[in-house]
Amino acid sequence: MTSPIRIAIAGHGNLGRGVEAAVARSPDMQLVGIYTRRPPAQLQPLTAGVPVHGMDALAGHTGQIDVLILCGGSKQDLPEQGPQLAALFNTVDSFDTHARIPEYFAAVDAPARANHKTALISAGWDPGMFSINRVIGEALLPEGATYTFWGKGLSQGHSDAIRRVPGVAGGVQYTVPVPAAVEQVRSGTRPQLTTRQKHTRECFVVLAEGADADTVRQAIVTMPHYFDEYDTTVTFISADELRRDHGAMPHGGFVIRSGSTSAGTTQVIEYGLKLDSNPEFTSAVLVAYARAVHRLHGQGQYGAKTVFDVAPGLLSPHSAEQLRAEQL
């Protein structure tokens with residue numbers, strides 16, 4: 001019998017807890033450790049008996065982990081952790097700052113390749129599942145246009161970004177598609193839409209004591225890569241309102257490819273997601289790609305990878321023979 005894939009988690013916030021739950025539902029995997037920047041004694045794993053360590057213990061555990069899943073934020077955590085840990089472990093992460101993915105890929109690729117490790121970056125649903133569907137849509141309908149809409153839903157990455165603004169004690173951000181833009185695209189008319197015309201962003205923020213609301217608002221709405229290209233509203237609320245009204249983390253969206261296969265013949269492809277829990281679904285994607293990373297490493301495929309480099313069959317716990325018989 002094949003030994004289970006030994007999975008470890010770096011970071012135990014919403015995403016880390018989701019990974020823990022996803023690993024527990026994967027019979028071919030075993031959670032062998034959780035690594036945290038908090039005092040380990042304060043963390044209670046969902047899975048009884050799983051050891052909890054400080055992040056500084058990772059370097060001494062390289063021989064005990066097959067794949068390390070990085071669950072830090074894209075704004076500050078992953079740019080530092082990704083390259084450092086890819087030199088020591090096979091890794092999977094959900095880096096989601098789209099504009100910076102090429103430079104992040106290069107930063108992770110060099111140490112992973114030099115140390116014969118496999119590091120898959122930017123897995124999740126976007127980047128990730130939506131990325132794949134954009135590529136497939138354009139390949140099938142080369143004459144056309146691709147549109148991506150997110151939400152309405154709570155964005156983990158954008159929420160993390162606003163919480164790091166000085167003067168913010170807590171907060172969340174919702175991405176909201178503009179209904180008129182969605183209907184235009186679904187009609188097959190292929191409109192030219194700016195970033196601002198496709199989505200709005202709604203932020204709900206708890207101010208830190210003594211913070212100036214106007215300064216905080218300005219810092220949020222002008223933040224590059226996150227809010228500066230959108231119509232963004234910032235609503236200040238109490239900590240009680242944040243807990244009461246914004247504890248759930250739904251999300252979703254859709255990718256639409258509108259194209260022509262001949263003169264006067266329009267084809268529209270749509271892939272959509274409706275998620276009760278954004279972090280739990282992202283975690284499920286990370287865990288599936290951890291399986292693929294383990295297999296790629298076994299094949300000697302080292303360096304940084306993206307979802308474009310992974311065959312779908314490598315994500316499944318089933319054999320190629322079973323997939324051909326049951327899914328093809």
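A crossing of two helices is called left-handed if the near helix is turned anticlockwise from the far one by less than a right angle, and right-handed if clockwise. The model is predicted, so that local features need pLDDT of at least 70 and side-chain atom pairs count only at pLDDT 80 or more, while totals for chains, interfaces and linings use all residues. Residues are numbered from 1 along each chain as its sequence is written, and side-chain values use heavy atoms, with hydrogens and water left out.

**Exercise 1.** Describe how helix H2 and helix H3 are placed relative to each other.

Solution. Helices are DSSP runs of H or I with at least four residues, and strands are E runs of at least two, numbered from the N terminus. The axes, which are lines fitted to C-alpha atoms over the stretch in contact, with angles from 0 to 180 degrees between N-to-C directions, come within 7 Å for H2 (residues 77–86) and H3 (residues 101–114) and cross at roughly 20°. Angles under 35 degrees count as roughly parallel, and H2 and H3 are therefore roughly parallel to each other. The crossing of H2 past H3 is right-handed.

**Exercise 2.** Find the strands that pair with strand E4, and state whether its faces are buried or exposed.

Solution. Two strands pair if DSSP finds at least two bridges between them. Strand E1 (residues 5–10) runs parallel to E4 and is joined to it by 4 bridges, with Ile9 partnered by Ile69 of E4. Strand E5 (residues 91–92) also pairs with E4 in the parallel sense, over 2 bridges, and here Leu68 has Thr91 as its partner. In E4 (residues 67–70), Val67 and Ile69 on one side and Leu68 and Leu70 on the other are all buried, where buried means under 20% relative accessible area with a 1.4 Å probe and protein chains only, and exposed means over 50%.

Key:
Parallel < 35°, antiparallel > 145°, perpendicular 65-115°, else oblique.
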